[in-house]
Amino acid sequence: MKLTKYLFAAALAGAALSFTSCDSSKKESKGALGGNLAERSFVAPGEHDEFYAFVSGGFSGQLSVYGLPSGRLFKVIPVFSVDGEKAYGFNEETKAMLNTSYGFVPWGDSHHPDISQTDGVLDGRWVFINENNTPRIARISLETFETVEIIEIPNTAGNHSSAYVTDNTEYVIAGTRFSVPVPQRDMPINEYKGNFKGALSFLKVDPESGEMDLSFQIMMPGFDYDKAHPGRGKSHGWFFYTTYNTEEAHTLLEVNASQNDKDFIAAINWKKIEEYVANGGGKMMPAKYAHNIYSDETHTATSTMKTEVLTVEPKDVPGAIYFLPTPKSPHGCDVDPSGEYIVGSGKLSANVTVHSFTKMLDAIENEKFAGEAYGIPILNFEDVLAGTVVQPGLGPLHTEFDGKGNAYTTFFISSEVVKWKLGTWEVIDRKPTYYSVGHLMIPGGNSRKPFGKYLVAMNKITKDRYLPTGPEVTQSAQLYDITGDKMELLLDFPTVGEPHYAAGIPADLVAPNSKKYFKLEDNKHPYATLNEKDVKVVRDGNTVHVYMTMIRSHFAPDNIEGIQEGDKVYFHVTNLEQDYDVPHGISMIGANTSELLIMPGQTETFVWNANNQGVWPFYCTDFCSALHQEMQGYVRVSPKGSDVPLKWSLDDE
Amino acid sequence: MNNHKLNTLILLTLAFFATSCGGGSNENGEGETVAEATPAAPMTLEEAEKGWKTNKGVGPIKSVNLAAEIDQTLADAGMVIFEAKCSACHKVEKKFIGPSPKGIMEKRTPEWVMNMILNPEGMVAEDPIARQLLMKFSAPMANQSLTEDEARSVVEYFRTL
């Protein structure tokens, strides 16, 4: 027992060894008695974490930001759901972010965050994340940690195999989990087979601005496209999608979609299709989908409704798409850092199947096909198989990599993470999770360059691990140290919503670019007031616009008179502060919306309906300074048609 | 070795480690102690202002040479900056949230003024005049993130008031 000896020696040796105990780089396994587990996830007050973890909020629709190894929650970034704290979806500026072809949708189901890459290495510029229910992809800026773009995906339902980026962020992809009639039309559900389509979407990402553009959609057979992973390195230029329900069942999928011994991983040569499209290939079809962009200059989102999309039929691009038979409704689809191994986890299988990219190319070149499905060649399972991890656990789901030749796969049914070796397929270690683990994340663990120090397991069911909080149990993640041969559980920490998937990155690739405040001279908001002497109140019929400023610790104006019953009053409020960390808030009694939380140099707007005469206060909602309590003002509302003149003042001037 | 003895040893060792590992945080603690160990000597604003001619304040500005003639172009630029970044709290014609800048150059050095603009938090913590001003006006001076050149132009504008 190494541990016993070590501690015994340490106790005898005293001071000399106490220094060693502080060395966090120690690699040895300490086992269950490891005395410094807490120390290794402890980040002292005032110290910073080594990694950011961007953890999907699942059905909360948001993206939460944690530090690793501490597991401390820093921020919840509103993405697909409204957020009263930050006025996201409530203020006039961000309502357009949640516009869709179905109108304003206040909620979303966020799933898979992925960080932008250059040469297959995390570059820390943006996080992309998909929305499952109303199919969308969002882009979050890692300068502002705000959602700056959301694009809807047409012809898609259940955008689940998304939002993953290629080696140079050339594309971020979307894919339909639920195949549907394309275009949508009234037809019997039981005529699904052969008639429904599964659209796989490729969105071009502008290398400078990051803006997304839906380049083309591949109209695949009506299977369920579950997960996806881009090729890496040698397989760059390909994309791999797991499928289930190749039976094309339309009811009781639990049984009817589990009939086939093998489903497929679809291998798509996107470079070939990109070339086909560049040469005029594909067919434009009518479609309606919203594209929403937030500007850091106007602090305002604009929504544009697109009207058409370019579609590609697989049969029109021979040699671009193949099916790799993969056992038992594969879920996770993961490619190792070299790009050679494509891991398909049949969620009903006891084994983990690994395909070889080299063998796949060889089989294609030699046209060794087992058949075809809807014109798409099916390769022989044995011809593309690299190896099988034999019975490592029950219910394999997702795999990530440490960059040292090891893979880590989660097992939902047996609640564990299993470490195995690429190439030899031998199981090296297994550790329990608590419980029913879904995704796992190693920072950079799905890229060409993993930072293989920590592994985060995200659990679906966490009963009895925390103090009870009513029928709804705490959502949680677990942190493992993976620097040694054996994994070590360091920490449990609660998470927001369902921690569906996560993306991690070394903090020093992000923190130096973090924006501290918005410069007033760059504020191009159409209703900005950049100088206190320019504040004003303007009436336009029954609409009144208040151009207001805020600085520690007053509003200008703070007295407004001449508002009349029935007026709709827009408060356009500019924070004149130019210092880090001095946001101000504002809200007003009777407002049918949220507060505003306005960052230094930013302008935001809320609407207030003057329904009742009287004198109504407004105040700063964010404790901004020693005189925060004094930061308040009044609006006088007079009867309709009153002769009280419109006037505004600060300090009666 | 039985488990009980082992556990005792582990506990002893851990206790020792915990103590010895405190080194890192002790440094932080000491840093805070240093800051707390400079209490303001009780004094009035008038007393603090007595030494103004040699008080350059605390911050990045160590030395400023003012030419005999006012540089009007620079002063005009300073007025624009003042209007944009400072006027929400400082009015030329009256005491407002903070004091009027009128006459400031007759009772403060240019270095002090620039440091007050560029490093208000540090000034309030360490400069006797700044501390007394905070007591008098209650509202702490906001850091508006001016550049040194911008702060210099504001000083030139103040010379014209």
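User: At what angle do helix H5 and helix H8 of chain B pack, and how far apart are their axes?

Analyst: Two packed helices are described by the angle between their axes and the distance between the axes. In this predicted model, H5 (residues 110-118) and H8 (residues 148-159) of chain B pack at about 130 degrees, and their axes are 9 Å apart. H5(B) and H8(B) are therefore oblique to each other. Their crossing is right-handed.

User: Which residues make the contact of H5(B) with H8(B)?

Analyst: H5(B) contributes B:Pro110, B:Val113, B:Met114, B:Ile117 and B:Leu118. On the side of H8(B) are B:Glu148, B:Ala151, B:Arg152, B:Val154, B:Val155 and B:Phe158. By class, the contact has 9 nonpolar residues, no polar ones and 2 charged ones.

User: At roughly what angle do the axes of H4 and H8 of chain B cross?

Analyst: The axes of H4(B) (residues 72-86) and H8(B) cross at roughly 105 degrees and come within 7 Å. Angles from 65 to 115 degrees count as roughly perpendicular, so H4(B) is roughly perpendicular to H8(B). From H4(B), the residues in the contact include B:Leu74, B:Met79, B:Ile81 and B:Phe82. From H8(B) they include B:Glu150, B:Val154, B:Val155 and B:Tyr157. This contact divides into 9 nonpolar, 2 polar and 3 charged residues. B:Val154 and B:Val155 belong to the contact with H4(B) and are also listed in the contact with H5(B).

User: Now chain A. Into which domains is chain A divided?

Analyst: Domain 1 of chain A covers 51-250 + 259-513, and domain 2 covers 525-649. The centres of the two domains, taken over C-alpha atoms, are separated by 43 Å.

User: How many residues of domain 1 are in contact with domain 2 in chain A?

Analyst: 11 residues of domain 1 are in contact with 13 residues of domain 2. The side of domain 1 that touches domain 2 has 2 nonpolar, 5 polar and 4 charged residues.

User: Which peptide bonds in chain A are listed as cis, and where do they lie?

Analyst: The bond from A:Val182 to A:Pro183 is cis, with omega near -5 degrees. A:Pro183 lies in the loop between strand E10 (171-175) and strand E11 (197-205). The bond from A:Tyr434 to A:Tyr435 is also cis, with omega near -10 degrees. A:Tyr435 is in the loop between strand E28 (427-432) and strand E29 (437-441).

User: What is the value of phi at A:Asn245, and where is this residue?

Analyst: Phi of A:Asn245 is near 50 degrees, a positive value in a residue other than glycine. A:Asn245 is found in the loop between strand E14 (238-244) and helix H4 (253-256) of chain A.

User: Over which residues does pLDDT stay under 50?

Analyst: Where pLDDT is low, the predicted coordinates should not be read in detail. In chain A, pLDDT stays under 50 over residues 1-32, for which the model has 33 contacts beyond four places in sequence. In chain B, pLDDT stays under 50 over residues 1-37, with 23 such contacts.

User: What are the mean pLDDT values of the chains, and what does the model score overall?

Analyst: Chain A has a mean pLDDT of 94, and 95% of its residues reach 70 or more. Chain B averages 81, and 74% of the residues score at least 70. The model scores ipTM 0.75 and pTM 0.88.

How values were computed
Residues are numbered from 1 along each chain as its sequence is written. Chains are lettered from A and ligands numbered from 1 in the order in which they are written. This is a predicted model: local features need pLDDT of at least 70, side-chain atom pairs count only at pLDDT 80 or more; totals for chains, interfaces and linings use all residues. Domain bounds come from an automatic or database domain assignment. Two residues are in contact if their C-beta atoms, placed from the backbone, lie within 7 Å. Ala, Val, Leu, Ile, Met, Phe, Trp, Tyr, Cys and Pro count as nonpolar, Asp, Glu, Lys and Arg as charged, and the others, Gly among them, as polar. Axes are lines fitted to C-alpha atoms, for helices over the stretch in contact, and angles run from 0 to 180 degrees between N-to-C directions. Helices (H or I, at least four residues) and strands (E, at least two) are DSSP runs, numbered from the N terminus. Angles under 35 degrees count as roughly parallel, over 145 as roughly antiparallel, 65 to 115 as roughly perpendicular and the rest as oblique. A crossing is left-handed if the near helix is turned anticlockwise from the far one by less than a right angle, and right-handed if clockwise. pLDDT is the predictor's confidence in each residue, from 0 to 100.
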